[in-house]
Amino acid sequence: SYEISEFNTLGVKIGDTLSFITEFYGRKSKEGVFKLNYALLMDEEKSKILLKPSTIKLDRNVWTVNPLDDQKHLISYDLVDKRIDLNFFEVQSANERIEISGNYQSSENFGLSLRIDKVSLENLGIPSKDFDFEGAMNLNLNIKRSPTDNTLKFDGFVDDFVMNDVDMGSLRFFTSGNTQLNSYEVNLLLSEQGKSTLSAKGNIL
């Protein structure tokens, strides 16, 4: 579980818009520092949350939400269709970037698009008692589930991949499949100085 402490929020209403500033600490050690700015907009059909420039400090890294201060960072809920839409979400820390968009209406109708650009494995917080990973990951993930489209596409690579202080080279992985049948093809390739050192291919049913 993730512990939150010293939660404080302040809201100001201007017209039909309610703006908030929310701050709190994460983890028992207070290593996570969240300073969030957002606005709530409501009408008869939709509720919307506009994410304004905010900061999230995790360990030694400070991530900026909506670094360009645009109006695309919207989370909306359609009161008629019962549909949630994440129009766009971006966080950036130095040259590392994560982008997300998606929607959800039901377990049979949803979509997710995720892009990770030059994000270090350490910052992704992949836990392991036996393995220590280092390297910068690039990743593209697209999931669709609907009456007409049930696809999954997943591809990425890690340059200068290091495991337990051993240089492994470049790691590439790619997956495709059907989200309705839960059938996927998985491919993995490890190479060093242009030569393949490990190649694996399999299926998940």
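How many nonpolar, polar and charged residues are in the lining of the largest pocket? That was my way into this structure, which is a predicted model.

**Entry 1: the pocket**

I sorted the lining by class and got 4 nonpolar, 3 polar and 4 charged residues. The lining has 11 residues, and Arg27, Leu58, Asp59, Glu122 and Asn123 are the ones nearest the centre of the pocket. For the volume of this largest pocket I noted about 240 Å³.

Next I checked which elements the lining comes from. Strand 5 (61-65) and helix 1 (121-124) each put in at least two residues. Helix 1 gives the most, with 3 residues.

**Entry 2: a network**

A reminder to myself: side chains of opposite charge can pair when their charged atoms come close.

**Entry 3: salt bridges**

I wanted the total for the model, and it is 8 salt bridges. I then went through some pairs.

- Asp85 and Arg83 meet through their side chains, with N to O at 2.9 Å. Asp85 has 21% relative accessibility, so I put it down as partly exposed. Arg83 is partly exposed too, at 25%.
- Arg97 pairs with Glu90, and their closest N and O atoms are 2.8 Å apart. Is Glu90 buried or exposed? Glu90 is buried, because its relative accessible area is 6% and the cut-off for buried is under 20%. Arg97 counts as partly exposed, at 24%.
- Asp149 and Lys144 form a salt bridge with an N to O distance of 3.9 Å. That still counts, because the rule asks for a nitrogen within 4 Å of a carboxyl oxygen. Asp149 is partly exposed at 24%, and Lys144 is partly exposed at 43%.

**Entry 4: a nonpolar patch**

Last, I looked at the surface. Which residues form a nonpolar patch there? I found Tyr2, Ile4, Phe7 and Leu58, with about 390 Å² of accessible area together. Phe7 sits in strand 1, which covers residues 4-14.

Note on methods: Residues are numbered from 1 along each chain as its sequence is written. This is a predicted model: local features need pLDDT of at least 70, side-chain atom pairs count only at pLDDT 80 or more; totals for chains, interfaces and linings use all residues. Side-chain values use heavy atoms; hydrogens and water are left out. Patches are made of residues with over 30% relative accessible area and no salt bridge: like charges are joined within 9 Å, nonpolar side chains (Val, Leu, Ile, Met, Phe, Trp, Tyr) within 5 Å. Accessible areas come from the Shrake-Rupley method with a 1.4 Å probe; for residues, only the protein chains shown count as cover. Helices (H or I, at least four residues) and strands (E, at least two) are DSSP runs, numbered from the N terminus. On a 1 Å grid over the protein atoms alone, a cavity is a set of points where a 1.4 Å probe fits but cannot get out, and a pocket is an open set with protein on both sides within 12 Å along at least five of seven lines; lining residues have an atom within 4 Å of a point. Grid points are joined across faces, edges and corners, and a volume is the space filled by probe spheres set on the points. Ala, Val, Leu, Ile, Met, Phe, Trp, Tyr, Cys and Pro count as nonpolar, Asp, Glu, Lys and Arg as charged, and the others, Gly among them, as polar. Buried means under 20% relative accessible area, exposed over 50%, partly exposed in between (1.4 Å probe, protein chains only).
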